[in-house]
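Hi everyone, thanks for coming along.

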Amino acid sequence: MGERFLRRDWVVVMVTALLTALAGEVKLVPFDGDLFRFGLGSITFFLLILIWPPVSVLRTGIVTGLTVVCFRSVWDLLFEIMPLAESFINHLPAFLFYFIFALGLHLIEVNRYKTYPLLLGAWAALFEFFGNGAEDLIRHEFLSQANLTLREWAILAGVALLRSYFAIGLYGSMIISEQKKRVEEMLRVGAELYVETLYLEKSIDHIEQITASSHDLYRKLKQDSHDLGKQALLIAQEIHEVKKDSQRILSGLTKVTEQKRDLDFSLSDVLNLTVHANERYSQRLKKTITFHVKQEVNFKTDKPIPLLALLNNLTANAVEAIADSGEIQFDILEESGEICFFVKDTGVGIPDEDISIVFEPGYTTKFNDKGVAATGIGLSHVLDIVQAFHGRIEIETPDTGTIFQVCLPVNTIRKRGE
């Protein structure tokens, strides 16, 4: 395990060094000569340190500095026809830049400042400025290059600030994007669990009824047959244990699916998640489906999980109802204190005689390749969610496809204060 971790760290170090050396060739030479340069090397080095933190930032800086010097020397040998020794000496001051930059990041323990981007950017700019200053001093003292003027020092400081905060910005955008993906995934999982929670709540209600019936049977039987009464009581006790286990599971699921106030989602966010999820679903089913969205109202909601569960079920049904290719249209509008969702598809449609039973558990028109019916619990759960919000759901059957209309009171899903 330790050897594998060590190998991985050296891979990180070498990748950082090589990418920094390559990025350094994308450069701007601001002053006289072609050795002192502003390139993408320092941005790349800093960004990679933040993305893939090595075990030792200082060691990474040393290896990167040496790699940059060697890379530039070989480049001069191959393309500039310059003796290797001369080129190596000319580029050696660049090593000092990466060493000082890494030393500074090492001393402040860079990982501690990742949650303070403004402060981290200031530290990085300072270390880069010192690194560039040390590099210029070496070039002036040992390579007889002209010393920088005050104006050129100001340019160094400005570029250091620009490059440091540019790297911080890139890192921040990557982190935000990754966090958004995780939250979206959590929301999708939460929506699936929410549906299962509804199903479990129904099961607990049935268990309660069975437990009461078993106790009633026990009271009747114990008068006529002690053995049968005892057996009925045992059954009631076992069912009661099942109920307690189910309640514990329900409690755990509820903690996962309860609406978190710190999740800042709007109706458009929920709708986008629904569309993206079902685009992937249609591709998995090898169907060509075009999604259209017409949204006249948008606001923050603190009920993203049940809304996603509701829309996802309706949309997945629409995808499954379309044979090979078709369209799904979403319309969202507000009227008379209600928010209404219209989900229209160009699928096979629902027979008029089935409309009155589509929300009953077990109803399905879907069968697999072996002729086995689907579970048929999707629309029954949709109805449960709608009723939980004190809303209503209606079905229209035009000449082509199906239209589901769901209307919910705005105050049941709108975030307070919006």
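Let's start with Phe-45: is this residue buried or exposed? With a relative accessibility of 0%, Phe-45 counts as buried, because buried means under 20% relative accessible area, exposed over 50%, and partly exposed in between, using a 1.4 Å probe and protein chains only. Before going on, please note that this is a predicted model, where local features need pLDDT of at least 70 and side-chain atom pairs count only at pLDDT 80 or more, while totals for chains, interfaces and linings use all residues. Residues are numbered from 1 along each chain as its sequence is written, and side-chain values use heavy atoms, leaving out hydrogens and water.

Now, rings of Phe, Tyr and Trp (its six-membered ring) pair if their centres lie within 6.5 Å; planes under 30 degrees apart are stacked, over 60 edge-to-face, and the rest tilted. That rule gives nine aromatic pairs. One of them is edge-to-face, joining Phe-45 and Tyr-98 at 5.7 Å centre to centre with 80° between the planes. Phe-45 sits in helix 2 (residues 41-51) and Tyr-98 in helix 5 (residues 93-108), so this pair ties together parts 53 residues apart in sequence. Helices here are DSSP runs (H or I, at least four residues), as are strands (E, at least two), numbered from the N terminus. Tyr-98 is buried too, at 3% relative accessibility. Ring pairs also link Phe-45, Phe-46, Phe-97, Tyr-98 and Phe-101 into a cluster.

On to the sheet. In what order do its five strands come? The order is 4-6-7-9-8, in an open sheet with mixed pairing; two strands pair if DSSP finds at least two bridges between them. Strand 4 (288-295) and strand 8 (392-396) stand at the edges with a single partner each, so one side of each has no neighbour in the sheet. Inside that order, strand 7 (residues 338-345) and strand 9 (residues 402-409) pair in the antiparallel sense over eight bridges. Across that pairing, Lys-344 stands opposite Ile-403 in strand 9.

Last stop: Asp-331, which is found in strand 6. At 12% relative accessibility, Asp-331 counts as buried. Its side chain makes a polar contact of 3.0 Å with that of Gln-329; such a contact is a pair of N or O atoms within 3.5 Å, where within protein one must be able to donate a hydrogen and the other to accept it, and residues adjacent in sequence count only if both atoms are side-chain atoms.
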